Amino acid sequence: MAARRSSAAESPTYDIPDDWANLDEVAATSPVENVAEAPIYRHRSLEQIRSRDRDERERRRASVSQTREPSHPPAEQLDVEAKGGEEEEHHVSRLATQIYTISYLVFFSIWGTLARVGLTALTTYPGVPIVFSVLWANFGGSLIMGFLSEDRMLFRYEWGMPTYDQLLARAKENGNSNGSSGQGDESIDLAAAKKAHLATKKTIPLYIGLATGFCGSFTSFSSFIRDIFLALSNQMVTPELGIPGRNGGYSFLALLAVTITTVSLSLSGLILGAHLAIALERFTPSIPYPVTRKILDPLGVLLGWGCWLGAVLMAIFPPHNRWRGEILFALVFAPLGCLARFYLSIHLNAKVASFPLGTFTANVGGTAVLGMAWDIAHARVGGVAGCQVLQGIEDGFCGCLTTISTWVAELSSLERRHSYVYGFSSVVAALAVMIAIMGGLRWSDGFSPLACVS
């Protein structure tokens, strides 16, 4: 126990701004109950988490203001006090933490876009049973999000505690069923351990990069709404089954098919990912401090900005001209969309605890941008180069600005009534925007073939 405490004290901790806790990808609790944790399981809704975080920040600020001296001691005195008595704490500076986090977001947004575009290409083939192929990217990203929300092993060393399985085993050995694992100094409150884990994961740049960057960019809410519109307007048809006309009833059924299938499978992926994290806990490796601080964080800065610069250069001097429209421009615009969603979340999500305004704004705004890009690309204007840029905006900027994985994590974490209001409002508002933008062209001149693929 003493060794574990010493290790945690010697390892540097990250210093993040308070509003970064507003990222719902890291604030939301697991969507399932681990049956092995029955003595400590306490479900917390997203509204309760928001309220608790706000209260803790206010108490911390009040405590600092009450204990602060009129004047600060000189730096030399602080050094003497640190060396003379208590153990010195090491921290990663706030600036370094922000640089690491932004770099991870850039890097993983590029890889999330590659994964989404690649999986969409793999699942588009003759006779495909699901014609809206972005569904599988939404399912896969939600599954990874569910795994991250429940996993306690990847970043176990960050919060300085043993796994829940070890704590529960210790509690059973001591014949204790009230949520503590022993007596005296060995007594560990399992509920406090779980709370510590949930609080600590919000401060890890790599975790934010995986949840906000990769999962958020792997999934796409704007493409989901576009598929709803195409189904509603009878544009989403396979060549062998396409019928020029159909009545309004069939169009309404098509709308329901895309909506129910996407939402249901994405929520199922979130829950399945959490189940996988529970089942694979004893096999999941943990990342040690030296690897994270000395290797992964600096490497994330190098790879993040290096990959983005490489994408820009390849878009200017492409090995093959067709690559621009298929992937290169998407990789150029992807980090912009991901960073925009990140800052919208941290500044707006806490405004209304029961309605994540940041994610809502990103999803509806990104849908509007995709609708405009789709209209321009399918109108009888522009050429191949313009079409490729617009395709990159749709797949890269809009695909990373909007997210299904965060959306379903919020739906799972909000109180039931608020969850239905938020989910229904998001789909209706985004679809109304899409109909207003794309409907005029679709029901007048119609969509023309893309110039960049004809």
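Modeller: Contact, or touching, means heavy atoms within 4.5 Å. The model is predicted, so local features need pLDDT of at least 70 and side-chain atom pairs count only at pLDDT 80 or more, while totals for chains, interfaces and linings use all residues. Residues are numbered from 1 along each chain as its sequence is written, and side-chain values use heavy atoms, with hydrogens and water left out.

Biologist: Which residues does Trp20 touch, not counting residues up to four places away in sequence?

Modeller: Trp20 sits in the loop between strand S1 (13-14) and helix H2 (24-27); helices (H or I, at least four residues) and strands (E, at least two) are DSSP runs, numbered from the N terminus. Its relative accessible area is 4%, so Trp20 is buried (under 20% relative accessible area; exposed is over 50%, partly exposed in between, with a 1.4 Å probe and protein chains only). The C-alpha atoms of Trp20 and Phe342 are 9.0 Å apart, although 322 residues separate the two along the chain. With that exclusion, the residues touched by Trp20 are Val26, Gln98, Thr101, Ile208, Phe342 and Ile346.

Biologist: What percentage of the protein's residues count as buried?

Modeller: The protein has 17 helices and two strands. Among contacts between residues at least 6 apart in sequence, 83% join residues at least 24 apart. Of the 454 residues, the share that counts as buried is 50%.

Biologist: How many salt bridges does the count come to?

Modeller: The rule for a salt bridge is a side-chain nitrogen of Lys or Arg within 4 Å of a carboxyl oxygen of Asp or Glu. One of the pairs is Asp227 with Arg226, whose closest N and O atoms are 3.5 Å apart; both residues are buried. By this rule the count is three.

Biologist: Which residues are linked in a network of salt bridges?

Modeller: Arg152 pairs with Glu150, with closest N and O atoms 3.4 Å apart, and also with Glu281, at 2.8 Å. The network consists of Glu150, Arg152 and Glu281.

Biologist: Is Ser142 buried or exposed?

Modeller: Ser142 lies in helix H6. Among the residues that Ser142 touches are Thr219, Ser266, Gly269 and Leu270, as well as Ile404, Ser405 and Val408. Its relative accessibility is 0%, so Ser142 counts as buried.

Biologist: How many of the nine residues of helix H16 (residues 405-413) are buried?

Modeller: The buried residues of H16 include Ser405, Trp407, Val408 and Ser413. Helix H16 is mostly covered, and the number of its residues that are buried is eight.

Biologist: At what angle do H16 and helix H17 (residues 416-442) pack?

Modeller: Trp407, Glu410 and Leu411 in H16 meet Ser419, Tyr422, Gly423, Ser426 and Val427 in H17. Axes are lines fitted to C-alpha atoms, for helices over the stretch in contact, and angles run from 0 to 180 degrees between N-to-C directions. H16 and H17 are therefore roughly antiparallel to each other (over 145 degrees; under 35 is roughly parallel, 65 to 115 roughly perpendicular and the rest oblique). The axes are 8 Å apart, and the angle is about 150°.
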